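Please find below a note on the structure, written as numbered points. The chain is shown here, to be read alongside the comments.

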Amino acid sequence: MENKKKKLIALVIGIILIILVGGLVFYLTSHLTKTTICKGKLDMITTEEVEIISSDEKVKETKTQVTYDYSYYVKYKDYIKNSNKFYKDINGVKASLKVKGNKVIYTVDIQYDSDYMKDLVEAGLVSTNGSYKDIDYISLKDTIENQKSAGLTCKEK
């Protein structure tokens with residue numbers, strides 16, 4: 001009889017520990033940073049890949065790479081090179097442009113930190129119905145939906 005009580009107590013303690021560890025794992029994984037990759041071909045010469053870094057359904061950063069393949073459209077290469085000036089001097093944004101053969105690779109990294117929100121709103125990169133101070137976070141769900149409506153396919157990494 002005494003042996004059965006000890007086994008029952010051990011079983012109950014084991015079940016409680018499993019529930020506690022499972023709850024802790026669930027809590028930690030739901031608050032960790034996750035990455036979603038959206039990519040696709042936008043037209044005959046343009047492909048895009050967007051890396052969305054988020055935590056708690058809030059976008060922290062996006063890294064966009066747009067590649068223009070001008071194998072048959074060489075005359076447009078200079079036009080794209082000159083368009084790189086749009087992101088210049090916007091706090092929270094890093095942009096670069098590389099030319100590899102007939103491909104122009106345009107990379108834009110946007111930090112959605114509250115320190116940069118005013119600059120992002122003024123540049124038209126983030127829209128708001130009120131002040132930039134009213135923005136608590138950038139929604140991961142809305143960001144992914146915007147990428148999908150642009151023709152990209154998204155998967156969590």
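The points below move from the overall layout to the individual links and residues.

1. The model is predicted. Its protein chain contains 4 helices and 7 strands, which follow one another from the N terminus in the order α-β-β-β-α-β-β-α-β-α-β. Of the contacts between residues at least 6 apart in sequence, 48% join residues at least 24 apart.

2. How many disulfides does a search of the whole structure find? The search finds 1, and that disulfide joins cysteine 38 to cysteine 154, with an S to S distance of 2.0 Å. Distant parts of the chain are linked by this pair: cysteine 38 belongs to strand S1 (residues 34–41) and cysteine 154 to strand S7 (residues 153–156), 116 residues apart. The link is right-handed, with 115 degrees about the S-S bond. Both cysteine 38 and cysteine 154 are buried. As a reminder, a disulfide is a covalent bond between the sulfur atoms of two cysteines.

3. Side chains of opposite charge can pair when their charged atoms come close. In this structure the search finds 2 salt bridges. One of them pairs glutamate 57 with lysine 34, the closest N and O atoms being 3.4 Å apart. Here glutamate 57 sits in the loop between S2 and S3, and lysine 34 in strand S1, 23 residues apart. Lysine 34 also meets glutamate 156 in a salt bridge (3.6 Å, N to O). Because lysine 34 lies in strand S1 and glutamate 156 in strand S7, this pair ties together parts that are 122 residues apart in sequence. Through shared partners, Lys34, Glu57 and Glu156 are joined into one network.

4. Glutamate 57 is partly exposed at 43% relative accessibility, and lysine 34 is partly exposed at 24%. Glutamate 156 is exposed, with a relative accessible area of 54%.

5. The largest nonpolar core has 25 residues, of which Ile52, Val93, Tyr112, Met117, Leu120, Val126 and Ile138 touch the most other members. Two or more residues come from each of strand S2 (46–55), strand S3 (58–69), S5, helix H3 (117–122) and helix H4 (140–149). The most, 4 residues, come from S5. Isoleucine 52 touches residues that include Cys38, Val59, Leu140 and Ile144, leaving aside residues up to four places away in sequence.

6. Is aspartate 109 buried or exposed? Aspartate 109 is buried because its relative accessible area is 16%, and buried means under 20%. This residue lies in strand S5 (residues 103–111). Beyond residues up to four places away in sequence, aspartate 109 touches Glu61, Thr62, Lys63, Gly92, Val93 and Lys94. Glycine 92 is 17 residues from aspartate 109 in sequence and 8.1 Å away in space, C-alpha to C-alpha.

7. Isoleucine 19 is placed in helix H1 (residues 2–30). Isoleucine 19 is exposed, with a relative accessible area of 58%.

Definitions and conventions
Residues are numbered from 1 along each chain as its sequence is written. This is a predicted model: local features need pLDDT of at least 70, side-chain atom pairs count only at pLDDT 80 or more; totals for chains, interfaces and linings use all residues. Side-chain values use heavy atoms; hydrogens and water are left out. A disulfide is a pair of cysteine sulfur atoms within 2.5 Å. Buried means under 20% relative accessible area, exposed over 50%, partly exposed in between (1.4 Å probe, protein chains only). Contact means heavy atoms within 4.5 Å. A nonpolar core is a set of buried Ala, Val, Leu, Ile, Met, Phe, Trp, Tyr and Cys residues joined through side-chain atoms within 4.5 Å. A salt bridge is a side-chain nitrogen of Lys or Arg within 4 Å of a carboxyl oxygen of Asp or Glu.
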